[in-house]
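Let's take a walk through this structure together, one neighbourhood at a time. Keep the model open beside you as you read.

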Amino acid sequence: MSDTPQNPSSSLTSQVSIFVSDHVREEPFFDDLANLGYPLKFYCREKKGWGDDQGNGVYFLHEQLLVKDFEGFLDIFFVAPQNRPVIVLGEQISRDYLAGLFPERPFFYLTKPVGIKQLSEILNQCVIQAEKHAIIQQYQKQLFRANEEIKDLRAIGMALSAERDPVKLLHLILTKSRQIAEADAASLYVSETQENLRFKLTQNASLDWQVSDNRLIPVNDSSIAGYVAQTGDALNLLDVYFLSPEYPFTFNRSFDEKSGYRCKSMLVVPMKNLSGETLGVLQLINKRSDYENHVPGRKLDVEKIIPFNRSDLDLLQALASQAAIALENAKLYADIKNLFEGFVKASIVAIEARDPTTCGHSERVATLTVAFARKINDLGEGQFKDFHFEERHLTEIRYASLLHDFGKVGVREEVLVKAKKLFPYEQDSLRSRFRYIRKGLEADFYRDCFEQLLARGKDNFLLLQPALQANYQLRLDELDEILEFLISANEPTVLEEGNFQRLLDIARLQYESPQGETIDYLTPREVQVLSIRKGSLSEAERTEIESHVTHTFNFLSKIPWTRELHRIPEIAYAHHEKLNGRGYPNHLENKIIPFESKLMTICDIFDALTARDRPYKKAIPYERAFDIMYNEVKQGLLTQELLDIFVQAHIYKVIEK
């Protein structure tokens with residue numbers, strides 16, 4: 001086989017540039033590099049860069065560039081195209097050390113002398129990587145486009161929640177539908193009756209106009225829009241001038257003949273409500289290949305018109321549904337509310353399925369908090385007399401209370417229901433280890449007896465046996481006492497200082513068998529967990545439990561709430577905040593905590609204290625719960641005036657009914 005290096009194809013070498021640092025030009029192999037056919041771009045010391053740094057390429061760097069201007073080099077690579085391969089010619093700095101600079105890039109390292117074969121092979125590899133990068137960039141562009149489409153759809157959904165004017169919403173939907181499908185023109189028809197469509201709005205980018213029209217069009221197969229309204233089926237037409245004879249309708253060219261415009265590709269979808277009724281028709285005309293660069297008012301080049309694809313159809317159907325919602329907003333409001341009620345109830349079922357011992361907690365907190373807010377409405381004096389909650393606010397409070405713990409679905413179930421410091425499987429492991437040690441002590445005892453019998457004879461052994469038996473029993477008793485202590489320490493009670501020291505002493509104990517096997521009485525994890533001062537959770541587990549608030553907020557924030565309900569995430573997010581800033585997760589202080597959250601916090605604490613037994617605590621009487629809550633008032637955690645109202649107005653009794 002020939003040793004002559006194989007150059008990559010000329011098409012590849014012309015597409016991939018080599019960005020060369022100035023020191024590389026001084027190397028003996030530079031002429032070979034130049035002869036390989038790649039476009040070379042040279043580092044400019046004055047500009048501290050390569051100037052034109054676009055397109056596919058490979059960085060060929062001398063380590064001296066990194067040594068002399070490391071900070072400037074980092075600035076360059078901060079904005080450089082990602083994943084572009086890097087070749088470093090090194091002498092003093094090792095490959096492994098430099099590789100840490102390029103964790104996201106293909107990295108190659110050369111040392112002198114550099115032969116043409118080695119150089120060519122590495123550049124071939126880099127070219128392949130650069131080509132892969134080009135493909136990745138293409139997919140990234142497509143992904144970016146998809147994300148933008150999703151953002152646009154979400155923006156329309158949020159607009160529907162906020163805007164009550166259906167005319168403005170239809171303008172928005174028509175504009176966004178053109179943008180998403182890259183259409184030059186679009187028209188919107190609204191069902192007037194079962195027999196007629198009203199031509200409401202049309203837009204045309206190349207003609208740079210938007211016109212409202214009120215013409216009536218019959219719902220029949222004589223026109224494209226009428227046919228779609230009649231059948232309820234979407235149409236994707238390749239060229240409206242050349243329709244299949246199977247279609248009963250024709251295309252009216254009168255507008256094209258008058259304006260000089262050329263309608264070609266067309267996408268038409270019905271706007272249907274949830275019942276399947278057609279409320280209108282959305283029509284897109286002429287998908288543009290140059291949409292991103294088009295200039296409004298500039299005549300459309302027919303060569304730039306392309307067919308609509310399946311993705312355009314899917315997106316337009318989604319937008320058509322949004323338009324139908326806008327038209328039927330008043331009617332659907334009650335349906336949406338009922339739908340959301342079902343969703344909330346399903347969410348509560350999901351929460352309580354994770355932790356059955358808290359069954360009913362969310363409903364009780366919601367009932368208590370709404371009753372609390374209604375009581376605030378009735379106050380005619382005091383510092384809260386100016387607070388008033390309308391029905392829409394009470395609905396907002398109710399939903400926030402119902403969903404305040406939804407984030408617990410993101411917490412590990414074993415942590416969520418953890419009753420003791422050790423998980424059940426950890427406690428089983430501890431007991432098994434002590435059983436093993438006990439068996440080891442038993443084996444040691446019988447081995448000692450056997451050895452003593454052989455060494456001393458039967459008579460002398462019988463004299464010694466009681467002492468051996470007593471020592472064996474003492475070791476067993478000590479082992480049993482240690483295990484009993486550890487089982488006690490596993491309970492979620494306050495760990496006394498002396499017991500903490502005892503744990504540390506036990507952690508140093510080991511069992512060593514005659515074969516040299518060493519077994520620690522406790523693992524580091526067990527020492528850590530059993531050393532928990534109070535409760536059953538380690539700091540990491542407590543943090544995980546507390547993270548449910550953030551999970552709740554993240555989940556609720558993804559829902560496109562109406563204006564009346566938009567504060568639900570904010571209210572639920574703060575239900576574990578305290579007045580002195582020692583709450584979680586954001587350590588908000590009194591003035592920043594939403595008033596509704598303060599009401600919910602009191603209700604949440606009360607129910608947590610008085611609800612039926614949970615695995616980690618016992619339910620307590622009301623009076624004891626109030627004592628605990630007033631103690632939190634003294635610590636600056638709760639508002640005394642609000643707690644006074646809760647207690648004195650017997651708000652808590654609403655859940656007894």
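Does Phe-29 count as buried or exposed? At 4% relative accessibility, Phe-29 counts as buried. Please bear in mind that this is a predicted model.

The ring of Phe-29 also has a partner. A pair of aromatic rings is described by the distance of the centres and the angle of the planes. The structure holds 32 aromatic pairs. In one of them, the rings of Phe-29 and Phe-60 have their centres 5.8 Å apart and their planes at 20 degrees; since planes under 30 degrees apart count as stacked, this pair is stacked. The two residues come from distant parts of the chain: Phe-29 sits in the loop between β1 (17–20) and α2 (30–35), while Phe-60 belongs to strand β3 (residues 57–62), 31 residues apart. Phe-60 counts as buried too, with 0% relative accessibility.

Now compare Phe-606 and Tyr-622, an aromatic pair that is tilted, at 5.2 Å centre to centre and with 55 degrees between the planes. Phe-606 lies in helix α20 (residues 595–610) and Tyr-622 in helix α21 (residues 622–634), so the pair ties together parts that are 16 residues apart in sequence. Phe-606 counts as buried at 0% relative accessibility, whereas Tyr-622, at 26%, counts as partly exposed. Elsewhere, ring pairs join Phe-340, Phe-343, Tyr-399, Phe-406, Phe-555 and Trp-561 into a cluster.

Rings also meet charges here. Arg-262 lies over the face of Tyr-241, 3.8 Å from the ring centre, and the charged end of Arg-502 sits over the ring of Phe-485, 4.8 Å from its centre.

Next, look at how two helices pack. Where helix α12 (residues 361–378) meets helix α22 (residues 640–648), the axes come within 11 Å and cross at roughly 105 degrees. Angles of 65 to 115 degrees count as roughly perpendicular, and α12 and α22 are therefore roughly perpendicular to each other. On the α12 side, Leu-368, Phe-372, Lys-375 and Ile-376 take part, and they meet Leu-642, Ile-645 and Phe-646 of α22. The residues of this contact divide into six nonpolar, no polar and one charged.

Helix α8 (residues 224–231) has another kind of setting: six of its eight residues are buried, so the helix is largely enclosed by the rest of the structure. Those buried residues are Ile-224, Ala-225, Gly-226, Tyr-227, Val-228 and Ala-229. Their cover includes the strands β6 (183–191), β7 (196–204), β9 (216–218), β10 (235–237), β11 (266–272) and β12 (278–288).

Strand β12 also holds Asn-286, which has a positive phi of about 60 degrees although it is not a glycine. Asn-286 is buried, with a relative accessible area of 0%. His-587 also has a positive phi, near 55 degrees, and it lies in the loop between α19 and α20.

Finally, return to α20, where Ser-597 lies. Ser-597 counts as buried at 0% relative accessibility. Leaving aside its neighbours within four places in sequence, Ser-597 is in contact with Glu-570, Ile-571, Ala-574 and His-575.

How values were computed. Residues numbered from 1 in each chain as written. Predicted model: local features only at pLDDT ≥ 70, side-chain atom pairs only at ≥ 80, totals over all residues. Heavy atoms only, no water. Phe/Tyr/Trp six-rings, centres within 6.5 Å; stacked < 30°, edge-to-face > 60°. Helix = DSSP H or I, 4+ residues; strand = E, 2+ residues; numbered from the N terminus. Buried < 20%, exposed > 50% of the residue type's maximum accessible area, 1.4 Å probe, protein only. Lys NZ or Arg CZ within 6 Å of the ring centre and 35° of its normal. Axes fitted to C-alpha atoms, helices over the stretch in contact; angles between N-to-C directions. Parallel < 35°, antiparallel > 145°, perpendicular 65-115°, else oblique. Contact = heavy atoms within 4.5 Å. Nonpolar A, V, L, I, M, F, W, Y, C, P; charged D, E, K, R; others polar.
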